[in-house]
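Subject: Structure for you to look at

Hello,

Have the viewer open while you read.

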Amino acid sequence: MSMESKSGRLALIATVALIGFNLRPFLTSIGPLAAGIQDGTGLSLQGMALLTLIPMLLMGAVAFAGPALQGAFGARRSMIGALLVICAGIALRLPASTGWSMVATAAMIGLGVAVVQAVFPGIVKREFPRHVGPMMGLYSATLMGGGALGAVVSPVVAHATGNWAAGLACFALPAGAAVLLAGVFLPGDARTLQTANLTRTLLSRPRTWLLMGCFGLINGGYTSVVAWLAPAYQAHGWGAAASGSLLAILSVSQAATALTLPILARKTPDRRPWLWLTLALQAAGFAGLAFMPTVAPFVLAVILGAGLGGCFALIMIVALDHLPDPAQAGALSALMQGGGFILAAAPAWLVAALHDATGGYAAGWLWHLACVTIVAGLVVRFAPAGYARVMPALAGQGG
């Protein structure tokens, strides 16, 4: 490999990392500033939940269109356009002064993130066919790391400027940098997918729906934690900065396991033991939040973050493992995220509703403990020896 190709490959890896970094700060920056946002916009608790629910719904709905977007515009142009939308939506949070304007920016950013998440895994499998696990781990880790920085930086900027909107809008800067790197280093597109037949065929297979269900139940826990972990501890008397630090620690733990577990699991095609490990960590974390939230909260954040981050990265790899063709595997990943994120949109609102009904967050954490138990049972079916039988390759519909 030439030095020029090595430098180009390193630049592409940096682009993957920066794109992943920009996909979560718009969510994690909300929780630490929840009190200021409510005071400034008049949003109720369930109105605040819309700032998470609507982007998640869009991530789901638009992901179904991922294969069609690649067919119509190409993966590269779809990615660059989506990153521009993310950057603009975050910047528009600076002048936002009403609840509906905040909800509108959440929808705009969620739309851009949805396209990126639908298109990007296929690009990764195509460009790094021998290193899918580590690269998806890097993508997932930087995604979680961006979430950590969002939780830490937003209250700091808000305090320094005296403006909660500035704490949200400052993340337009790294989003702009991602647009630039994507424009320079993302490779050109492969040949066009036969998108209509591919999507229809994948949706006719029960395994696609099983992946959707598992992905949705896993990420429902993430959306609830992002939305309500900081407010839950603020209800125990914590300040914005302290509760934001708790969320940041959780996100750092997510990033660490999202990066390391795919590397540890790369030597075996059977990801199930590692998935069960991450689900056990989630169960311990949610049980702790429900029954003893004030006992070692930072330890609980590390445990729960490790479970959420590792599980996210591994389930993304499991979806890509099902099909050898990068375009077909990317389309399956997009559809998994489509149904999964629609399913994951509701829990943040459900936790708010349970809080209003019970006066606390314990019932919501117990709901997620039940979801983790369900996924642990479903994971039994992800035996790699059966992938070719349940998800045979589609002739003539590759990338």
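Ser-333 is found in helix α16. The model is a predicted one, and every value here is computed from it. Ser-333 has a relative accessible area of 0% and is therefore buried, since buried means under 20%. Leaving out residues up to four places away in sequence, Ser-333 touches Pro-121, Met-316, Ala-319 and Leu-320.

The helix that holds Ser-333 can be described from end to end. α16 covers residues 326-358, which makes 33 residues. From first C-alpha to last, α16 reaches 47 Å, close to the 48 Å expected at 1.5 Å a residue. At the start of α16, the backbone nitrogen of Gln-328 has a side-chain oxygen of Asp-325 within 3.0 Å. What follows α16 at the other end? The residue there is Gly-359, and its phi is positive, near 85°.

Next, a pair of helices. Helix α7 (residues 99-127) and helix α8 (residues 132-161) have axes that come within 9 Å and cross at roughly 145°. The crossing of α7 past α8 is right-handed. On the α7 side, the contact is made by Gln-117, Phe-120, Pro-121, Val-124 and Lys-125. On the α8 side, it is made by Val-132, Met-135, Met-136, Tyr-139 and Leu-143. Sorted by class, this contact has 8 nonpolar residues, 1 polar and 1 charged. Pro-121 belongs to the α7 side of this contact, and Pro-121 is also one of the residues that Ser-333 touches.

Now a histidine. Is His-368 buried or exposed? His-368 has a relative accessible area of 2%, so it counts as buried. His-368 is found in helix α17, residues 362-378. The side chain of His-368 makes a polar contact with the side chain of Ser-224, at 2.7 Å. Not counting residues up to four places away in sequence, His-368 touches Gly-220, Gly-221, Ser-224, Phe-286, Pro-347 and Val-351.

Ala-242 is partly exposed, with a relative accessible area of 34%. Leu-259 is also partly exposed, at 34% relative accessibility. Ala-242 and Val-152 are 90 residues apart along the chain, and their C-alpha atoms are separated by 9.1 Å. For Leu-259 and Asp-321, 62 residues apart along the chain, the C-alpha separation is 18 Å. Which residues is Leu-259 in contact with, once its neighbours within four places in sequence are left aside? They are Gly-137, Leu-138 and Ala-141.

Phe-291 is in helix α14, residues 272-291. At 61% relative accessibility, Phe-291 counts as exposed, because exposed means over 50%. The C-alpha atoms of Phe-291 and Ala-363 are separated by 10.0 Å, and the two residues are 72 apart along the chain.

Ala-296 lies in the loop between α14 and α15 (297-321). Ala-296 has a positive phi of about 50°, although it is not a glycine. Most residues other than glycine have a negative phi. At 38% relative accessibility, Ala-296 counts as partly exposed.

Gly-74 lies in the loop between α5 (66-73) and α6 (75-91). With a relative accessible area of 8%, Gly-74 is buried. Gly-74 and Gly-188 are 114 residues apart in sequence, and from C-alpha to C-alpha they are 8.4 Å apart in space.

If you want a place to start, look at His-368 and its polar contact with Ser-224, then move to Ser-333 in α16.

Regards

Note on methods. Residues are numbered from 1 along each chain as its sequence is written. This is a predicted model: local features need pLDDT of at least 70, side-chain atom pairs count only at pLDDT 80 or more; totals for chains, interfaces and linings use all residues. Side-chain values use heavy atoms; hydrogens and water are left out. Axes are lines fitted to C-alpha atoms, for helices over the stretch in contact, and angles run from 0 to 180 degrees between N-to-C directions. Helices (H or I, at least four residues) and strands (E, at least two) are DSSP runs, numbered from the N terminus. A crossing is left-handed if the near helix is turned anticlockwise from the far one by less than a right angle, and right-handed if clockwise. Contact means heavy atoms within 4.5 Å. Ala, Val, Leu, Ile, Met, Phe, Trp, Tyr, Cys and Pro count as nonpolar, Asp, Glu, Lys and Arg as charged, and the others, Gly among them, as polar. The expected span of a helix is 1.5 Å times one less than its number of residues. A polar contact is a pair of N or O atoms within 3.5 Å; within protein, one must be able to donate a hydrogen and the other to accept it, and residues adjacent in sequence count only if both atoms are side-chain atoms. Buried means under 20% relative accessible area, exposed over 50%, partly exposed in between (1.4 Å probe, protein chains only).
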